[in-house]
Amino acid sequence: MEQRIIGRTGQRVSVVGLGTWQLGADWGEVEEKDALAVLDAAVEAGVTFFDTADVYGDGRSEQLIGAYLRERPDAGVTVATKMGRRVALDPALYTLDNFRAWTDRSRANLGVDRLDLVQLHCPPTQVHSSDAVFDALDTLVDEGRIAAYGVSVETCDEALTAIARQGTASVQIIFNAFRLKPLERVLPAAAEAGVGIIARVPLASGLLSGKYTKDTVFPADDHRTYNRHGESFDQGETFSGVDFATGVEAAVEFAALAPEGATPAQAALRWIIQQPGVTTVIPGARSPEQARANAAAAALAPLPEATLRAVREIYDGRIRAQAHHRW
């Protein structure tokens with residue numbers, strides 16, 4: 001699989017990575033053996049980048065990855081984790097002492113001395129402008145607790161603020177065919193600054209797979225049920241903030257654009273991969289089959305210009321008016 005360098009880290013990672021929120025919580029229960037099978041299928045398919053967070057299952061996702069990589073030390077996987085969501089979203093808590101404690105816990109969960117990449121996990125907006133916060137992150141690098149740091153953001157303005165920081169290696173942002181706003185300023189700014197872009201929610205919480213209808217019901221412990229209107233965390237994390245019924249209709253149109261032999265989900269991932277400035281895309285997977293299918297998107301030929309125009313037309317015609325554009 002094609003490998004790209006994550007910004008200023010120097011680390012090469014696969015263009016399709018694996019998001020592991022599903023393996024921790026909030027998408028329904030996943031058995032440990034099934035989670036490990038997903039990780040293994042991804043690695044066998046060429047994935048060399050796992051994205052996790054200390055809050056996914058309160059550390060369960062990190063622990064599963066740690067257990068897997070102890071069994072597969074030759075896997076060559078870069079692991080990015082995130083910190084800051086296990087406490088109240090209070091800027092006063094973003095201190096060096098807390099960062100040390102949080103990263104020590106993640107190091108223990110993952111079973112490593114030094115974390116490859118640590119991202120602030122969608123912190124309060126003012127945190128992005130705090131010199132003390134970024135000085136503390138630099139200290140973690142100097143102390144050898146982490147190799148590099150980045151920021152996971154909710155808005156394009158937050159992304160631009162983070163990109164302007166000299167030490168920022170990567171920015172993780174919601175980006176998909178139903179969420180085009182990062183194309184305007186964020187991706188060009190990241191490319192110019194040498195900052196990696198990690199694209200999350202690439203399938204708009206599954207909408208772009210084309211598998212759902214307006215009558216689809218998700219389990220009660222799935223965020224696609226309980227967070228549709230931002231009840232528990234930012235609304236953009238669920239269906240990219242798009243109204244579900246609108247998204248289902250738009251997904252039907254998008255599915256018709258998938259090239260022969262490819263699924264709509266693979267077409268959606270291929271669309272992201274070929275956008276200038278993107279380093280890696282991190283779809284989640286609940287089964288080995290999903291992990292393999294996602295990885296296969298990297299082998300698709302680039303989508304033609306006519307398809308790219310059609311994606312923009314779907315967005316302009318159905319999504320733009322419905323999406324919450326504070327992002």
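Asp74 is exposed, with a relative accessible area of 59%; exposed means over 50%, buried under 20% and partly exposed in between, using a 1.4 Å probe and protein chains only. Asp74 forms a salt bridge with Arg72, and the closest N and O atoms are 3.2 Å apart. Arg72 itself counts as partly exposed, at 21% relative accessibility. A salt bridge here is a side-chain nitrogen of Lys or Arg within 4 Å of a carboxyl oxygen of Asp or Glu. By this rule there are 21 salt bridges.

The model is predicted: local features need pLDDT of at least 70 and side-chain atom pairs count only at pLDDT 80 or more, while totals for chains, interfaces and linings use all residues. Residues are numbered from 1 along each chain as its sequence is written, and side-chain values use heavy atoms, with hydrogens and water left out.

Another salt bridge joins the side chains of Asp131 and Arg165, at 2.9 Å from N to O. This pair links distant parts of the chain, 34 residues apart: Asp131 is in helix H4 (residues 131–142), and Arg165 is in the loop between helix H5 (156–163) and strand E8 (168–174). Helices (H or I, at least four residues) and strands (E, at least two) are DSSP runs, numbered from the N terminus. Arg165 is buried, with a relative accessible area of 18%.

Arg312 and Asp316 form a salt bridge whose closest N and O atoms are 3.9 Å apart. Both residues lie in helix H11 (residues 305–319), 4 residues apart, or about one turn of the helix. An α-helix has 3.6 residues a turn, so residues three or four places apart point the same way. Arg312 is partly exposed at 31% relative accessible area, and Asp316 is partly exposed at 38%. Elsewhere, salt bridges that share partners join Asp97, Arg100, Asp104, Arg107, Glu143 and Arg145 into one network.

What does the rest of H11 do? Its buried residues pack against helix H8 (244–255) and H9. Those buried residues are Thr307, Ala310, Val311, Ile314, Tyr315 and Ile319. They lie on the same side of H11, because they cover an arc of only 140° around the axis, the arc being that of the directions from the helix axis to the C-beta atoms. The face turned away from the buried side carries the exposed residues Glu305, Glu313 and Gly317. The end C-alpha atoms of H11 are 20 Å apart, which agrees with the 21 Å that its 15 residues should span at 1.5 Å a residue; the expected span is 1.5 Å times one less than the number of residues.

H8 has 12 residues and reaches 16 Å from its first C-alpha to its last, close to the expected 16 Å. Its buried residues include Phe244, Val248 and Phe254, and the buried residues of H8 pack against H9 and H11.

The largest nonpolar core has 84 residues, of which Phe50, Phe99, Leu120, Leu137 and Phe178 touch the most other members. Such a core is a set of buried Ala, Val, Leu, Ile, Met, Phe, Trp, Tyr and Cys residues joined through side-chain atoms within 4.5 Å. Helix H9 (residues 264–273) supplies the largest share of this core, 7 residues. Leaving aside neighbours within four places in sequence, Phe50 is in contact (heavy atoms within 4.5 Å) with residues including Leu18, Leu39, Ile65, Tyr68 and Val79.
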